[in-house]
Amino acid sequence: MTSPSSPERSEAKRSAVEGPVLSVRHNAREVEGSAVEGLESTLAHLPNQPGVYLLKGKGGEILYIGKARVLADRVRSYFQKGHDPSPKTRVLTSLVRDIETIVTRSELEALLLESNLVKRHRPRFNVVLRDDKHYPFLRLPVKENFPRLSIVRRVKNDGALYFGPYVPAGALRETLKVIKKVFPLATCKIDIDGTADRACLEFEIKRCMAPCTGNQSQADYHRIVEQVRCFLEGRDKELLDGLRKDMEAAADGEEFEEAARLRDRMASISKTLEKQRVAQIGPMDQDIIGLAKMGPAADLQLLFVRGGLLIGRKDFFWADTKEAVDEELIRSAIEQFYNKDTLPPKELLVSETLSDRELLQRWLSQKRGRRVRILTPERGAKRQLLQLAEENAAAAIAEHLRNTAVEHKEAEELQRLLGLPQTPGRVEGFDISNTMGTDSVASMVVWEDGKMKKSDYRRFRIRTVEGANDFASMEEVVTRRYGGTLGTKANKALPLPDLILIDGGVGQLGAAVAALRAVGLGHLPVVGLAKAKGVKEERIYAPGRRDPLILSPTSHVSRLVQRIRDEAHRFAIAYHRKLRGQAFVMPQSKSAKTRK
């Protein structure tokens, strides 16, 4: 549980989003206003101040971004004679052709700026988290007259209490399910003032005490709110002791039905807390970071413990860590993960002693509004938690590598089956969706290197086709995708695929082939995927083949093409439903304006 309230935290959050105020910026071509050849002049004129440095390649691309307490000392250390660098550093320095530095007011601001720039530019030699999500929190506005829980993805300095993050989101749904079942807290969105004529169904099934009708006082309602807070903070002893007193008081007053409800609530809470508790360390808020390596691959596990209860975990996997040491992986994960609206807990447990631990603690403490400690436990319950995270990381990395091997085998079998010139590393799948010829849309999904690449997904509204004509719609979409219309400034041109997968049979395939030839890309491999009526086997239709290829339902190829086709179908249906929803809402809005 976190309750952001300090001005220091607000300033830290602002800096994390907007970046610090910068005072100096220069590079190898901007030293004292004169052009410079090579790096020697730049290295001689580096500032003796904190800041961020960007090492750039021949074409100006950013190779690496780092921070330093003293820029001159840190950057020169890469190029010192007699220095024996790591293989990664040796390759990096051999590619550097330009150096840019940005001076900041403090080392803490340099840390924030470095994290923002790494997230934006994703340099080749930095360890980058492939994750830009905002995780769900439970928000409890305790200062309101009748607080109700809500799910949010951004933490604000508004006096409310925030609990989380809950990763995956299923952990949040389970927590809400328990709260709704056990605590009679209001879940509606109406203004509660005690003057409603009648209560809703939630009151009838004893999941709300109807404060909207005046059946429950504000003081009694806040007692329930405090119980929910104790539950979410893991203060189980305090919660159960309070409920036991209430149960005994109800029994003494011969309110046996209420006493029975309180007894059942205690039993349900005890069962839930026992199932979630990971260690007997008290109601502690901790994030535990475990790391495992297997060859060049690495996996990092983040376990979220709140109030001594495990509420979720997050997995980060790198197929190739490029000689990165354990400390660099853990430090980069901390900087990038918490440089969002995710608030840090009281403690971070890590398996490696971090050289810049004090700096990271200062930053996290400002972000939280209270002290944060980074610990490397060697024994006891905290060490056991760290081992649990490391065991999860080891299991996850083995699973990732098994999945990678299976996916590579699927791609190789697809290559052999279709006679492709190379193993497909990128497949683009298309599907059409409409309702009786109206609101026709299309989707394009991308499978790349063994997984779906959602950042490259595209969706289309059909512009030139009237009615339910899937063939013409497919021809339009393929033309728009490969005819260059996606290569705008706002939507950078995508790489060409190794294979195009069309959802449909001979007709859809023929339309796609015609479109590709029209835009000069007739050489791109393209196939159609369809299923005959009454059979389970998928059929692949290829240009120039009279008969389709029939796939076994259990084959690797069948699983791969079905996964891509089903995702294209899901994406198209989701877009189509969105447009239909807008169509239903807009006429109502217009009529409302007319009445006004």
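Leaving aside its neighbours within four places in sequence, which residues is Phe183 in contact with? They are Arg207, Ile224, Gln227, Val228, Phe231, Leu239, Arg265 and Ile269, where contact means heavy atoms within 4.5 Å.

This is a predicted model, in which local features need pLDDT of at least 70 and side-chain atom pairs count only at pLDDT 80 or more, while totals for chains, interfaces and linings use all residues. Residues are numbered from 1 along each chain as its sequence is written, and side-chain values use heavy atoms, with hydrogens and water left out.

**Confidence**

The chain has an average pLDDT (the predictor's confidence in each residue, from 0 to 100) of 82, and 85% of the residues score at least 70. Where pLDDT is low, the predicted coordinates should not be read in detail.

Helices (H or I, at least four residues) and strands (E, at least two) are DSSP runs, numbered from the N terminus.

**Cores**

Phe183 is also among the residues with the most contacts inside the largest nonpolar core, together with Leu300, Ile334 and Trp363. That core has 64 residues; a nonpolar core is a set of buried Ala, Val, Leu, Ile, Met, Phe, Trp, Tyr and Cys residues joined through side-chain atoms within 4.5 Å. Buried means under 20% relative accessible area, exposed over 50%, partly exposed in between (1.4 Å probe, protein chains only). Helix 8 (residues 218-233) gives the most to this core, with seven residues. A second, separate core of 24 residues includes Ala442, Phe460, Leu494 and Ile500.

**Strand 9**

Ten of the ten residues of strand 9 (residues 297-306) are buried. Ala297, Asp299, Gln301, Leu303 and Val305 point one way, and Ala298, Leu300, Leu302, Phe304 and Arg306 the other way. Strand 9 pairs with two strands, as tabulated; pairing requires at least two DSSP bridges.

| Partner of strand 9 | Sense | Bridges |
|---|---|---|
| Strand 8 (residues 286-294) | antiparallel | nine |
| Strand 10 (residues 309-318) | antiparallel | nine |

Gln286 has Val305 as its bridge partner in strand 9, and Gln301 has Asp315 in strand 10. The hairpin of strands 8 and 9 has two residues between them, with Gly295 in the turn at a positive phi of about 65°.

**Helix 4**

In helix 4 (residues 87-95), Lys88, Thr89, Leu92 and Thr93 are buried. They lie on the same side of helix 4 because they cover an arc of only 120° around the axis, taken from the directions from the helix axis to the C-beta atoms. These buried residues pack against strand 2 (51-56), strand 3 (62-68) and helix 11 (326-337).
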